[in-house]
Amino acid sequence: MARLELTNISKVFAGQTRAVDRVSLTVEDGEFVALLGPSGCGKSTLLRMIAGLETLTEGQVDLAGMRLDTVPPSKRDVAMVFQNYALYPHMTAFGNMAYALKNRGVTRDAIRVRVEQAAQLLQLTELLDRKPSQLSGGQRQRVAMGRALVREPQVFLFDEPLSNLDAALRGQMRVEIRQLQRTLRITSVFVTHDQIEAMTMADRLAVMNQGRLEQFGTPLEIYHRPATQFVASFIGSPPMNFLSPSLLPIPLPEGTVTVGIRPEHLTAEGAHRLPAGHCLLIEELGSEAIVHGQLPDNQMILVRVAGDHRRVIGDSVDVGFDVHHLHCFDAQGLRVEQ
Amino acid sequence: MPQPALMKRVQFSHSPIPYLFVLPQILIIGVFFLWPSLEAFRLSFFLEDPWGLSNQFVWFENYITIFEDPDYQSVFGSTVVFSVVVTFLSIGIALLLAVKVDGLLRFSMQYRPLLTWAYAVAPAVAGLVARFLYSPQIGPLYDWLNAGTDGWFEPRLDPMDAWLVLISGSVWKQISVNFIFILAGLQAIPRTVLEAALLDNPNGGRRFLSITLPLLAPTLFFLLVINISYAVFETFGVIDTVYPFGPPAGAETLVYKVYVDGFKGADLGGSSAQSVILMVIVLALTMIQFKYIEKRVHYT
Amino acid sequence: MNGFAYWWHRTQPVDHAILIIGVLFLALPIWMIFASSGYPPEYLIQNGVQFWPGDQLIQTYDSVLHDRRGFTQQITATRMLMNSFILGIGFAVGKIVVSMMAAYAIVYFRFPLASLLFWLIFSTLLLPLEVRIIPSYKVVADLGLLNSYTGLIVPLIASATGTFFFRQFFRSVPEEILEAARLDGAGPWKFFIDILVPISKTMIAALFIIMFVVGWNQYLWPLLMTTNDDYVTIVYGIKSVMQNIDESRIPEYNRGFALAILALLPPIGVVLIFQKMFIKGLLESDK
């Protein structure tokens with residue numbers, strides 16, 4: 001059972017701050033976990049430590065009950081797909097996929113069988129004798145996946161593998177990677193800074209900021225019950241509104257410093273009203289619109305409304321909310337339960 | 001221009017391979033670079049008699065002799081002038097040609113090989129060509145320069161005339177290298193910048209001076225260094241083939257003098273002291289280059 | 001008038017005129033040397049350097065390549081060309097092998113002496129062979145390497161230009177390639193042979209062309225190193241042409257010119273045939 005356990009992992013680069021700060025998380029066998037966070041938050045470093053490309057300053061990695069962080073990278077039974085694919089430019093697609101097996105002393109016939117199987121799975125059979133420069137972006141991506149796949153690893157690591165693709169292809173590869181992972185049931189860790197990628201693909205996602213793990217949970221848990229103000233602001237588009245408690249006409253839990261509410265939860269029908277403001281700007285998206293409103297005290301809010309709203313700039317913005325949609329945070333940015 | 005880190009982020013460690021791999025280079029440098037350089041330094045403090053039978057430690061006497069020698073001072077001066085003239089002429093001509101090729105609407109690809117091949121000409125061959133074109137016996141340029149006069153041009157006798165021959169041979173050979181770099185520099189300037197300039201400034205000449213030339217500055221600065229080093233060191237081949245028995249007095253460069261004093265004059269100590277002085281000059285130039293390159297040159 | 005202005009703008013006659021003058025400025029001297037090599041020396045003494053090729057071209061070149069006569073008393077131009085090829089190729093190959101290995105060690109390994117060795121190698125860029133020519137000669141003489149191909153080639157390799165060229169290139173290779181190779185089980189040796197050398201192919205070729213030309217064109221070092229005619233290169237041979245011409249009553253200009261043309265053809269040929277690669281290599285070397 002390929003259960004991946006990270007215990008209290010830290011990484012300190014020479015003379016710098018902690019890139020990764022005491023992160024612990026467990027990826028269950030066959031689970032697909034996304035590491036999500038802004039650039040520089042330590043998510044790639046964490047991934048590279050699992051791969052063995054970076055040493056651990058503190059902590060321990062275990063895979064299937066065995067200590068992993070003392071094993072050299074090529075013996076770890078993990079495979080990685082890189083952001084720029086890192087294909088060997090002088091080798092054909094076949095050569096790229098076969099190289100690891102060759103180094104392990106797998107026989108030529110066995111290599112051929114395994115590469116061809118993987119190629120079939122990834123629809124690469126016709127392209128095996130092409131070099132990377134003769135392949136399109138999506139095809140290179142597939143070869144990179146194939147290279148990881150033929151090793152039959154216990155863990156799949158993805159380092160922002162879709163960020164070099166255009167939007168349409170990215171959407172398609174998202175689905176393909178997820179289906180493949182479901183079919184093969186390989187434990188996977190997927191690094192991304194794109195919240196849509198993380199939300200749609202992952203079984204669970206780990207949100208990181210400044211080297212720390214902010215929250216680890218299913219996409220819906222993270223959307224509905226963000227553990228910190230950072231998570232609340234990072235997940236969701238358009239982003240959550242943060243209001244000062246004095247604007248709200250209801251009692252709030254002890255210690256609340258900031259109250260968050262998502263733009264889609266500010267409605268005309270809400271049980272409690274916000275003070276009325278006026279409309280500064282409207283972003284029309286067709287099916288819906290984002291209204292930028294200004295409340296008294298110069299407080300700005302975003303409100304998501306249906307596409308047929310018929311508002312114009314200068315109209316009054318008068319919205320309400322339900323109490324169960326509020327997210328309260330204390331001075332440290334931690335969630336306060338109501 | 002972001003300065004990349006000195007080394008790769010990821011490296012191998014605990015392997016004997018790096019030592020094995022740098023070994024050949026280090027051995028060659030040790031034997032053929034460090035040892036001779038130190039030897040030059042050591043010899044510069046000795047006075048050796050011309051038969052090599054005895055030598056005597058003389059402290060800085062060789063250096064003092066050199067600095068007091070009016071001959072050395074004049075060779076020093078003419079080397080500086082020669083280098084400056086060669087550098088500016090060869091960069092200037094190459095700049096003109098490169099700008100013209102870059103501005104062509106058609107046939108610019110055809111000109112390129114026609115202007116780059118001369119890179120492959122050895123300085124010694126350039127010297128041979130210059131010598132015969134200016135030769136009193138058979139040289140058309142000799143006849144042409146002296147036509148209708150009482151024969152003012154005598155490159156065998158007059159040092160100024162000799163410099164003319166040496167400069168034209170040295171410049172001629174060097175144009176191609178400069179052309180290649182300047183053309184590449186021009187083509188690296190983003191077209192959009194030039195288009196923006198076109199909208200801002202209708203005057204082509206001013207546009208060249210205020211936009212193109214500053215953006216070309218890194219290339220030109222690099223070439224300045226390359227050309228000075230060429231003029232000082234590599235033109236030995238030109239001088240020695242134009243004048244196989246030595247140029248007229250007053251038409252030598254520093255490197256030529258090191259060679260003549262060391263080999264023909266068998267003054268090892270004096271020649272070594274000259275070598276050491278040359279090394280110091282090169283080091284100083286390099287320092288200036290590193291300091292200057294940081295500050296004054298615009299990078300795109 | 002409008003039509004004329006358009007024609008003027010499109011055909012750029014002034015620009016072309018300047019460029020054609022530039023092309024002629026570079027080519028004419030060599031052309032006249034070539035043309036004149038087809039005349040007997042007596043004719044050249046009377047009439048000077050010629051523009052139209054003489055009718056004895058084949059005879060002149062045949063004689064220079066095969067006869068041990070005149071200024072080349074001990075050696076034919078064929079032998080000199082061979083020596084030049086040995087110098088050019090030996091220098092280029094030696095430099096590429098030595099500098100690629102050193103650059104690999106410097107870029108891809110962390111080892112205690114790394115930065116010291118880096119600065120040692122870097123310092124060779126500052127001081128060209130010319131400034132330490134006499135002591136270098138002494139060292140080579142002490143080692144008994146005068147009049148040998150080793151003594152001719154190896155000291156020229158001491159400058160680290162090639163090491164910097166490859167260092168620059170290796171640093172531009174994405175780090176992920178190394179990481180992928182490590183995950184694929186390649187150690188330092190395998191990575192060098194299986195990955196790094198093959199992806200450096202075009203760089204190797206480009207550097208080879210440049211170094212071949214540089215080696216071929218060496219003058220001062222062969223001049224010092226070779227006292228035995230068996231090791232005379234063709235560029236050095238030019239010196240004896242010059243001395244002969246200054247000393248003899250009927251100087252053999254034609255044979256001297258032919259020798260110069262023979263000395264030019266291989267490097268120019270290489271540069272023109274592999275022009276794209278050569279320019280790429282040259283530009284890469286400056287970064």
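Predicted model: local features only at pLDDT ≥ 70, side-chain atom pairs only at ≥ 80, totals over all residues.
Me: How many residues of domain 1 of chain A are in contact with domain 2 of chain A?
Reply: Contact requires that the C-beta atoms of two residues, placed from the backbone, lie within 7 Å. By that criterion, seven residues of domain 1 of chain A are in contact with nine residues of domain 2 of chain A. On the domain 1 side, four are nonpolar, three polar and none charged. Here Ala, Val, Leu, Ile, Met, Phe, Trp, Tyr, Cys and Pro count as nonpolar, Asp, Glu, Lys and Arg as charged, and the others, Gly among them, as polar.

Me: Which elements of chain A supply at least two residues each to the side that touches chain C?
Reply: In total, 16 residues of chain A are in contact with 14 residues of chain C. Strand 6 (78–81) and helix 2 (93–103) of chain A each supply at least two residues of that side. Both names refer to DSSP runs numbered from the N terminus: helices are H or I with at least four residues, strands E with at least two. Helix 2 of chain A gives the largest share, three residues. By class, this side of chain A has 11 nonpolar, four polar and one charged residues.

Me: How do you know that strand 1 and strand 2 of chain A pair?
Reply: Pairing requires that DSSP finds at least two bridges between two strands. Strand 1 (residues 4–12) and strand 2 of chain A have six bridges, in the antiparallel sense, and therefore count as a pair. Leu6(A) stands opposite Leu25(A) in strand 2.

Me: Why are strand 2 and strand 5 of chain A said to stand at the edges?
Reply: The open sheet of chain A has four strands in the order 2-1-4-5, with antiparallel pairing. Strand 2 (18–27) and strand 5 (66–67) each have a single partner strand, so one side of each is left without a neighbour in the sheet.

Key
Residues numbered from 1 in each chain as written. Chains lettered and ligands numbered in written order.
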